[in-house]
Amino acid sequence: MTSGSDIACVDPLRVFGLFGYALPTVAVGAPFELGYASPEDASGAVLTPQPAAGAFVRSTPQGFSAELASTGFVVWQGSEVLDFTNVTARPLALLGFLDPSAVPMAMAQDAGPVRYQATAGVPATLIVLPEASDGTTLAGSMECAFASSDPERLWIAGQGIVAHLAPLADGTVTVTATCMGIRAQVEVDITAAGAPPDAGEPTDGPGDDTSEDAGVDGGEAPDSDGLADGEGG
Amino acid sequence: MRIPAFSVAFAVAFAGAGCSTPPPSPQVSITGSGAASQGAGLTSSLASVPVGAVIELTIAPTETEDTVTVTVDDPTLAMAAPMTVKDQFILVGLAPGSTTLHVFLNGQETHVLSLSGVSATTLPVDVTQQPPPS
């Protein structure tokens with residue numbers, strides 16, 4: 001992007017804390033939205049970033065979708081350009097997992113199976129981190145599919161890149177996330193409520209989430225962190 | 001009588017040394033500005049912009065406050081547009097190929113340019129195909 005550009009992604013969920021004036025790299029084909037710092041000019045005219053060359057950008061109900069490595073967006077004010085930026089897009093290659101309850105947020109992926117600690121009866125949230133081949137986190141809205149290897153022990157509801165977990169009984173369950181054709185797995189070790197975690201195992205799982213409405217009836221995902229009401233990534 | 005003769009000799013020697021008329025002072029200076037995306041930018045002989053991308057150019061008169069306007073030879077290959085900031089322009093790649101940016105001072109085209117500090121008469125524009133995202 002041009003230095004000093006005031007164009008930004010409008011949805012913080014899609015940029016994972018990078019919200020501001022630094023545009024993240026987006027995943028090829030994943031819709032994203034852009035906004036301008038001042039939504040209107042002095043005359044009330046709407047200021048919206050538009051593709052500089054529309055033929056190379058797909059417009060979807062969820063936003064723009066970039067197919068090129070570098071896609072220009074321009075904010076027009078009449079016949080003049082108020083601002084512009086180039087959005088970089090890279091193919092999705094890896095999926096990481098982010099535990100939003102950990103401080104700082106724990107992130108593990110890539111090499112070997114990822115393990116995660118959970119407590120039966122305590123809902124938890126995992127966020128998938130889409131990444132390029134070199135580990136660069138990619139923004140963009142994408143629908144991921146989540147599957148539990150043992151739904152009797154671990155119930156999952158997915159929304160975008162967010163997985164809501166309802167651990168039901170102790171044991172180890174494999175969670176598989178699939179986003180835009182890329183798969184990744186995380187092993188979830190569930191301990192019974194009140195039971196100490198296994199010796200030597202980290203305890204930085206989502207156990208500090210004590211929401212009571214972890215019910216699994218009605219297919220309603222536990223809304224333990226407020227993320228579930230937002231966009232899916 | 002000797003002084004005029006010396007003057008003539010000096011003038012002949014000066015001309016014979018291969019000195020040429022110095023280039024006129026550039027009327028317009030063109031420089032790249034802002035961060036360019038991969039494969040985009042301005043050199044002393046060429047502006048390169050990938051298809052679908054945007055670069056920013058500062059195109060300013062060197063000695064006057066005249067208004068600068070620009071056009072592109074082939075608008076199917078590239079688009080040039082002014083920014084709200086004086087002397088700032090964007091160049092957008094539309095299709096692969098080569099074209100030329102023309103610079104006008106108060107509506108009069110000028111061929112006396114300084115391109116990244118180097119004298120030039122025109123600004124060739126090369127619109128390149130983007131590599132696939134990697």
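Two residues are in contact if their C-beta atoms, placed from the backbone, lie within 7 Å. The model is predicted: local features need pLDDT of at least 70, side-chain atom pairs count only at pLDDT 80 or more, and totals for chains, interfaces and linings use all residues. Residues are numbered from 1 along each chain as its sequence is written, while chains are lettered from A and ligands numbered from 1 in the order in which they are written.

**Figure 1. Chain B and its elements.** Chain B contains one helix and 12 strands, where helices (H or I, at least four residues) and strands (E, at least two) are DSSP runs numbered from the N terminus. Along the sequence the pattern reads α-β-β-β-β-β-β-β-β-β-β-β-β. Of contacts in chain B between residues at least 6 apart in sequence, 65% join residues at least 24 apart. Chain B has 134 residues, of which 29% are buried. A residue is buried if 20 or more other C-beta atoms lie within 10 Å of its own, exposed if 12 or fewer, and partly exposed in between, with C-beta atoms placed from the backbone.

Figure 2. The secondary structure of chain A consists of one helix and 17 strands. Buried residues account for 44% of its 233 residues. For contacts in chain A between residues at least 6 apart in sequence, the share that joins residues at least 24 apart is 62%. Chain A is divided into domain 1 (7–90) and domain 2 (94–209), with bounds that come from an automatic or database domain assignment.

**Figure 3. The contact between the domains of chain A.** Here 15 residues of domain 1 of chain A are in contact with 10 residues of domain 2 of chain A. On the domain 1 side, helix 1 (12–15) and strand 2 (26–27) of chain A are the elements that give two or more residues. This side of domain 1 has nine nonpolar, four polar and two charged residues. In these classes, Ala, Val, Leu, Ile, Met, Phe, Trp, Tyr, Cys and Pro count as nonpolar, Asp, Glu, Lys and Arg as charged, and the others, Gly among them, as polar.

**Figure 4. The interface of chain A with chain B.** In this interface, 23 residues of chain A are in contact with 22 residues of chain B. Strand 7 (70–77) and strand 8 (80–90) of chain A each supply at least two residues of the chain A side. Strand 8 of chain A gives the largest share of that side, eight residues. By class, the chain A side has 13 nonpolar, eight polar and two charged residues.

**Figure 5. The surroundings of V57(A).** V57(A) lies in strand 5 (residues 57–60) of chain A. This residue counts as buried because it has 20 C-beta neighbours inside 10 Å. Leaving out residues up to four places away in sequence, V57(A) touches P51(A), F64(A), A66(A) and T71(A). From V57(A) to F73(A) the separation is 16 residues in sequence and 9.7 Å in space, C-alpha to C-alpha.

**Figure 6. A four-stranded sheet in chain A.** The open sheet has the strand order 11-17-16-13 (chain A), with mixed pairing; two strands pair if DSSP finds at least two bridges between them. Strand 11 (114–119) and strand 13 (144–148) of chain A are at the edges, each with a single partner strand, so one side of each has no neighbour in the sheet. Strand 11 of chain A runs parallel to strand 17 (residues 182–191) of chain A, and six bridges join the two. Within this pair, Y116(A) has V188(A) in strand 17 of chain A as its bridge partner.
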